[in-house]
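Subject: Structure handover and notes

Dear colleague,

Please read the notes with the coordinates open beside them.

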Amino acid sequence: MSSLVSDHQHTSLGGRLPAYDGRKILYTAGELPFNSKEFEVTLCDNKIGSSGPRYVTVGRSFFSWKIEKPTKLGLDVSSTAFVQAMPLIDFVGEILNRNGVINGITDFDYVKVCNIVLGQRYQKKLDETQVTNMMAITCKRPSERETSIHKIVQNNNYNSAKRANEFGIEVDYNPTSVLARILTAPVLKYYGSDSNKCVPNNGKWNMIGKSFQVGNPKIFYVRPDQVEAALQKICLQARAVQKIDLLLALLPDKNGSLYGDIKRICEIDIGVMSQCCLRKNVLKSSPQCLANVALKINAKCGGRNSVFADIPASLPVVSNKPTIIFGADVTHPNALDDSAPSIASVVASQDWPEVTKYHGDVHAQGHREELIQGLEDIVKKLLLSFQRESKQRPQQLIFYRDGVSEGQFRQVLEKEIPEIEKVQAWKSLYNEKAPITFIVVQKRHHTRLFPSDSNQDTGGNVLPGTVVDTKICHPTEFDFFLCSHAGIKGTSRPTHYHILRDDNKFTADALQSLTNNLCYTYASCTRSVSTAPPAYYAHKLAFRARFYQTLGSDVASEVSSGSAAPPGGVMKPLPEIKDELKRLMFYC
């Protein structure tokens with residue numbers, strides 16, 4: 001494309017300087033002097049040994065390939081791993097865990113003359129040391145990140161770019177000042193009397209002197225030396241005497257695929273609830289750590305940790321009449337995997353008006369398909385489950401949909417929402433139109449909120465409950481940014497909520513308050529979380545299902561040859577989760 005523009009800008013293109021999206025569309029600041037025209041572009045190969053011009057397919061990037069400046073590739077370089085520039089033979093030596101150069105191997109002769117080019121993105125799973133190093137680099141305090149962004153913007157000097165001038169674009173080098181509100185945290189209540197209430201402070205609270213409703217688990221202690229065979233045998237022997245409610249596994253610090261193996265065996269082979277703990281954390285006997293484990297076990301076994309002390313105030317609109325709240329997500333295989341299926345999961349609340357317990361459904365679908373397949377049947381199944389558990393039918397529906405980009409909004413409106421309304425789902429059950437509030441949840445964006453006054457936490461982040469719904473939001477549509485959590489390390493990333501449909505007529509204040517308050521009901525910790533729990537649970541369920549496809553816990557990040565679709569093109573379904581666990585939050 002660069003050659004096309006340089007050769008034809010002042011002739012066939014009428015002096016226009018186009019901008020190319022890297023795929024199919026070329027944009028100009030005005031009309032071109034023709035309606036349709038074909039161009040033949042000759043690209044010169046400047047590499048050593050080239051025999052002159054060659055004809056190639058124009059590909060994927062409008063810009064000249066300058067890998068030493070990866071920002072031109074549209075990558076978030078602040079949190080992206082790149083392969084170190086080095087001789088290829090040294091890289092091979094590191095991979096094979098050897099020191100020095102490999103000599104005497106004829107097949108490696110060509111490797112010795114190759115070098116790895118600077119700036120290539122590393123797309124496989126990072127090991128523990130690499131993750132630690134990246135966290136240390138990327139987790140900047142808000143003040144440091146704001147200064148860093150200022151420097152990058154000034155150094156890039158966008159306003160002097162030719163295309164910015166061509167399209168009349170002027171970039172303000174200063175951050176946008178916006179008005180924000182801080183929503184009040186809900187008061188929570190643990191099992192027992194009203195004296196068991198607690199008021200979160202800065203997005204967190206503790207369980208000192210608190211108790212919660214339990215599912216009365218009976219625990220057997222086991223130490224399997226060979227995971228699969230041992231678990232099968234031990235559970236078979238134990239069940240001959242008494243039903244097993246929970247398997248508690250203490251894992252070594254570096255456990256490889258052991259975690260994924262235990263989850264797969266327990267959930268699709270023997271049907272028993274499991275809780276894994278790192279040995280080092282158990283040996284510390286930290287009250288906070290043990291309390292968090294107790295929270296997870298209680299939620300998995302059907303208990304309820306905490307509820308809102310004032311449900312009508314904490315759940316606007318939802319508390320008025322029976323409401324079912326859905327969460328949905330689709331996770332995709334590793335970027336290097338071109339055949340493994342995507343995993344779609346949907347969860348739904350079951351205990352109105354508390355809204356703390358969720359049932360889920362998960363299945364495999366086509367490779368990198370973002371729209372949820374079979375949503376109609378899934379919704380019907382979860383609606384019936386709600387009726388069974390709550391002893392009443394839902395009268396309104398709220399749907400938090402994770403993982404959808406703005407370019408897919410129309411597809412969701414035209415395909416997923418009608419699936420909820422179809423004859424087999426809501427309408428066939430209740431003979432009326434479904435009152436739906438459909439909310440897209442987005443975390444993958446580059447918007448950051450920096451406090452300009454004293455309203456900040458100890459780490460310099462905006463306070464939990466900070467919401468922005470003007471200036472940086474859509475001018476006509478219903479959306480907002482909400483930072484519902486306290487940043488533990490680095491700069492907090494607000495979640496962007498975009499409402500595609502609202503039959504339940506929420507006010508902005510009511511929906512923002514509902515979403516913020518729900519973030520205090522996440523079952524696995526005593527902190528508010530960054531994403532509405534229905535979407536969070538759906539993400540965890542989809543991620544868990546990756547363990548069912550192949551052996552090991554690295555399946556979610558590594559290339560998985562065993563999960564590829566067979567040659568006939570028929571998608572292999574996920575193994576069935578045992579009935580003993582289907583109605584429990586085993587994925588917490």
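This is a predicted model: local features need pLDDT of at least 70, side-chain atom pairs count only at pLDDT 80 or more; totals for chains, interfaces and linings use all residues.

Residues are numbered from 1 along each chain as its sequence is written, and side-chain values use heavy atoms, with hydrogens and water left out.

Salt bridges

Searching the whole structure gives 15 salt bridges, a salt bridge being a side-chain nitrogen of Lys or Arg within 4 Å of a carboxyl oxygen of Asp or Glu. One of them joins the side chains of Glu267 and Arg544, at 2.4 Å from N to O. Glu267 belongs to helix H7 (residues 258-270) and Arg544 to helix H15 (residues 533-549), so this pair ties together parts that lie 277 residues apart in sequence; helices (H or I, at least four residues) and strands (E, at least two) are DSSP runs, numbered from the N terminus. Both Glu267 and Arg544 are buried, where buried means under 20% relative accessible area, exposed over 50%, and partly exposed in between (1.4 Å probe, protein chains only).

A salt bridge of 3.4 Å, N to O, is found between the side chains of Arg410 and Glu414, which are separated by about one helical turn because they are four residues apart in helix H12 (residues 409-421). Arg410 is exposed, at 60% relative accessible area. Glu421 and Arg501 also meet through their side chains in a salt bridge, at 2.5 Å from N to O, and this pair links distant parts of the chain, with Glu421 in helix H12 and Arg501 in strand E19 (residues 495-502), 80 residues apart. Arg501 counts as buried, its relative accessibility being 17%.

A loop residue

Asp351 sits in the loop between strand E13 (342-349) and strand E14 (358-365), and it is buried at a relative accessible area of 8%. Leaving aside residues up to four places away in sequence, Asp351 touches Arg304, Thr356, Lys357 and Ser390, contact meaning heavy atoms within 4.5 Å.

Sheets

Nine strands make up an open sheet with mixed pairing, in the order E5-E17-E18-E19-E16-E15-E12-E13-E14; two strands pair if DSSP finds at least two bridges between them. Strand E5 (181-182) and E14 stand at the edges with a single partner strand each, so one side of each has no neighbour in the sheet. Within this sheet, strand E15 (residues 396-402) pairs with strand E16 (residues 436-442) in the parallel sense over six bridges, and Phe399 stands opposite Phe438 in E16.

Another open sheet has three strands in the order E7-E6-E11, with antiparallel pairing. Its edge strands are strand E7 (197-198) and strand E11 (306-308), each of which pairs on one side only.

Cavities

The whole structure holds two cavities of 30 Å³ or more. On a 1 Å grid over the protein atoms alone, a cavity is a set of points where a 1.4 Å probe fits but cannot get out, and lining residues have an atom within 4 Å of a point; grid points are joined across faces, edges and corners, and a volume is the space filled by probe spheres set on the points. The largest cavity has a volume of about 120 Å³, and of the 16 residues lining it, Asn305, Ser306, Thr521, Tyr522 and Ala523 are the closest to its centre.

With best wishes

Key: On a 1 Å grid over the protein atoms alone, a cavity is a set of points where a 1.4 Å probe fits but cannot get out, and a pocket is an open set with protein on both sides within 12 Å along at least five of seven lines; lining residues have an atom within 4 Å of a point.
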